[in-house]
Amino acid sequence: MDSMLLDIEKLNVTIDTAAGPLKAVQNVSLRVAKGETFCIVGESGCGKSITALSLMGLMPKRAKRRAERMMFDGTDMTTLGESGMRRLRGNRISMIFQEPMTSLNPVFTIGQQLTDVMRAHSRVSLAEARERAAFLLNKVGITNARERLGQFPHELSGGLRQRVMIAMALMCSPDLMIADEPTTALDVTIQAELLRLLRDLQQEFEMGLVLITHDLGIVSRIADRIAVMYAGQIVEDGTADEIFGNPLHPYTQGLIACIPSPDHPRMQHLPSIPGTVPPLIGGLKGCHFRERCPYAMPSCMEEIELKGHEAAHRYRCILPAQTSAAHAKMAQGEQVHA
Amino acid sequence: MSDQTLEYRLADIAPPRRNYRRWLTHTGLILGGTILGIILIMAVLAPFIAPFNPYEQNLLVRIVPPVWMDGGSWEHPLGTDHLGRDYLSRLLYGAQVSLLIGVGTALISGVIGTTLGILAGYFGGKVDTVITFIITARLSMPVILVALAVVALAGSSLMIVMTVLGLLLWDRFALVIRAATQQIRNADFVTASQVQGCSVFQTLRYEILPNLMNSLVVVATLEMAQAIVLEAALSFLGLGVPAPLPSWGLMIAEGKSFILFDPWLITIPGVLLFALVLGTNLLGDGLRDVTAPEARN
Amino acid sequence: MLQYTLRRLASAVILMLFVSFVAFALVFTAGDPAASIAGEGGTAADAERIRSVYGFDRPLVLQYASWLGRVLQGDLGQSIYFNQPVTSILIERFQATMLLGVLALCFALLLAIPLGIAAGRWPNSIVDRVALLFAVVGQAMPTFWFALLLIILFSVTFPILPTSGGETWRHMILPTIVLGYFAAPAIMRLTRSGMIAALETDFIRTARAMGIPSSKILSSYALRNALLPVVSLAAAQFGFMLAGSVVVESVFAIHGAGRLVWESILRSDLPTIQALVLCFSMFYVVLTLVADIINAWLDPRIRDA
């Protein structure tokens, strides 16, 4: 897989807690091609953010990372060490976060924070860096870019701050951008604008984009490929068409059913998946989803591997046939996005 | 899911930690409690275990060194001072003076500071503005200077030192209690009390005050330590408790003239004073860590 | 920024008026000033005469008003003991105290901030433990006793430093250490907790995700935020140290304002005491004012608030 930008095989992240090791990420494998949009979807607490942070080498203090393979554009990231990873971060891989209000340093100007990123990775003059910063602020839809450079974060709204974050992530023209719930904290209208912006920028800069979200609805517009995570594992992955058109895992089906759609505007009740993500302390045996699964049966206690064809569609469930039949029934009258 | 939500989730699923285990595993708390306990026992038992009357002078045995030094004897295990008074006995009674000052000051300043803090925190608005101004004004007046001046003018006695320090050291009570009250003012149980038609006084007395107890105990302990040091400093300057009362600070001042030849006259009461303040501070810090971490500032 | 400064300045002036009144009234409420001046040998008639000469029989507020009027013209009254204007005595005496205060503050900051940064950078490490020990001991050490211990050490064991007087820079070393160590623990602890809090923020995560070198994150991104509260504390500690000079100058026999406090109290020199309480309080008000303005300059959020 030479053309792959990011190639992760069996990533595991374990966090030490007072109550024992917490397996936050278990055997997650994912591949992102150049210029591709790859979405990781799942509820809060499924291990999406930890996965992203561990790709960047930014795990929380007590977390340990283990992986069979972590390749970025032909470089083995497991051998890089902290200084090598630092040169990659913000330069070839960059990341934006969920909390625009707190993600920018309150005591430095926007301009200083933007130029610092560029000057951390290349020998450019301050003037050149400011030029680039103003250009990018303009690019992410901020007017008066030059004035904004002199402003402090608290002078900007949440939406503007997230645009600044995006500009910061683009300072070094990265090959890959990881966006962790970039629009969750924002108003709905701004969410849509920002997503469109991200998609346009991705195409213009020919970046790979890993978009992490709990909202399958926003994924449908921009994803090339999707991985659905549940309780630290990937339970289903494949092309966006396959995931939306033929979801095989009951959890994915549940998530799709939860998308509010303009096609059925006044549903009496927006469906939801009953229950919550189980605690990951100790080891969960068998299918992690079985306690909330409507089709659970005794054999779900056994360990289940991902099945199917990697490039197209894989799923972690013993009952694809039955569940897909059930899904077909569920989908009657509810037009599903394809 | 950010790191932070992960942390919250960990807190949710981790089994509730048993409080007593934290009490027992907190080194500072244990150490501080032990030191303070020993000195408390010294103070209480002073009349029974002191070998001599702490005021009894014997000019024939002036400045006898402690037993481990040349010329020392078991008759005066810690030696005698420049007036031939038994040092051990004076030190034991001195513990009474320090603890009395500490507790008395903490009580007086606690009442003043808590009252102001609760009023400011509960009512907010203009009341808060005025009380905050008073606190700021109080902070602007240097404690040791004002205490010195007032004690000098009003005359020195144990009672006066205690009162003056009590009238000066309430600022931390007021600040901490004000912040704590602001936090619980809008809690459901307070609202419930108000809705049930309880008077403001009842709400403050029965709903707010009991919930401030943890913070109060912590601040009281730390203020006690401060009062003990200040009393010693005032007495050292000759303007604290009057001679011949056996205050450790006064004993250090009396030993100052002999600093070159008999430094133990200074080191021994100093070590006790240091241990008492250390123990009280450790206890206060420990209690805060265990019971009221929000009072940290 | 200008608007903030003006607003802050106005509140400082109100505070100064209030504090000066308290400083003035204190001397009168704590005892009978006329009797104090008359001394132990004075009769009731002496006290009565003093009362009318000094105007102590007028209402307190009137006395305050006329006193304040004179103070604003730089006249702090006449010292009873020295029989000189208090103002000129204070100007002379405060030189040593200010020098000592500034030296001690520098010593405290140079000691506490690097230690606090290291302790906050590596919590629960050996450095952190040592720093904690240093702080706990410092907070429990009575200043006057620490001063005496150093005198014992340097006059008896290592007689390399002078232990009394304030004539040369070598005389200032021990007092600086004593006073600085008194202020350092609180600054160290606040730096440490500020550093820990700053390193856990989202914006530090952002900086790391953008590949900012960790040395720069520590020394600039985190430190700037961690030190914001330290500025206010350092100002307050400076004020406390000036007051602490009462003890330290007495022990080391330094001819400063702190020692003058003690001497004036023993001499019942009321105008001087009053002026000293006023000056020390005013210093504190000015220091907190300066700290707030520095903070506003460092933290754009305060500036615009």
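Me: In what order do the elements of chain C run from the N terminus on?
Reply: They run α-α-α-α-α-α-α-α-α-α-α-α-α. This is a predicted model.

Me: How many helices and strands is that in chain C?
Reply: Chain C has 13 helices and zero strands.

Me: What box do the C-alpha atoms of chain C fill?
Reply: Roughly 80 × 55 × 30 Å, taken along the principal axes.

Me: And what share of the residues in chain C is buried?
Reply: Of the 305 residues in chain C, 45% are buried. As for contacts in chain C with a separation of 6 or more, 74% of them are between residues 24 or more positions apart.

Me: How many residues of chain C are in contact with chain B?
Reply: 37 residues of chain C, which meet 33 residues of chain B.

Me: Which element of chain C gives the most to that side?
Reply: α7(C), with eight residues. Other elements that give two or more residues include α1 (2–30) and α12 (270–298) of chain C.

Me: How does that side divide into nonpolar, polar and charged?
Reply: On the side of chain C that touches chain B, 29 residues are nonpolar, eight are polar and none is charged.

Me: Switching to chain A. What is the order of the sheet of four strands?
Reply: The order is β2-β1-β4-β5 (chain A), in an open sheet with antiparallel pairing.

Me: Why is one side of β2 and of β5 left without a neighbour in the sheet?
Reply: β2 (20–33) and β5 (75–76) of chain A stand at the edges and have a single partner strand each, so one side of each has no neighbour in the sheet.

Me: How many bridges join β1 to β4 in chain A?
Reply: Nine, between β1 (residues 4–17) and β4 (residues 63–72) of chain A, and these strands run antiparallel. Within this pair, A:Val13 stands opposite A:Arg65 of β4(A).

Me: What about the sheet of eight strands, what order does that have?
Reply: That open sheet runs β6-β7-β8-β3-β9-β10-β12-β11 (chain A), and its pairing is mixed. Its edge strands are β6 (93–96) and β11 (307–309) of chain A, each pairing on one side only. From one strand to the next, the twist averages 15 degrees.

Me: Which helix packs on the sheet?
Reply: Helix α10 (residues 250–257) of chain A, touching β3 (37–41), β9 (225–230) and β10 (233–239) of chain A. The direction of α10 makes about 105 degrees with that of β9(A).

Me: Back to β11(A): how many bridges join it to β12?
Reply: Three bridges, and β11(A) and β12 (residues 313–315) of chain A run antiparallel. A:Lys307 has A:Tyr315 in β12(A) as its bridge partner.

Note on methods:
Residues numbered from 1 in each chain as written. Chains lettered and ligands numbered in written order. Predicted model: local features only at pLDDT ≥ 70, side-chain atom pairs only at ≥ 80, totals over all residues. Pairing = 2+ DSSP bridges. Axes fitted to C-alpha atoms, helices over the stretch in contact; angles between N-to-C directions. Contact = placed C-beta atoms within 7 Å. Nonpolar A, V, L, I, M, F, W, Y, C, P; charged D, E, K, R; others polar. Buried ≥ 20, exposed ≤ 12 C-beta atoms within 10 Å, placed from the backbone.
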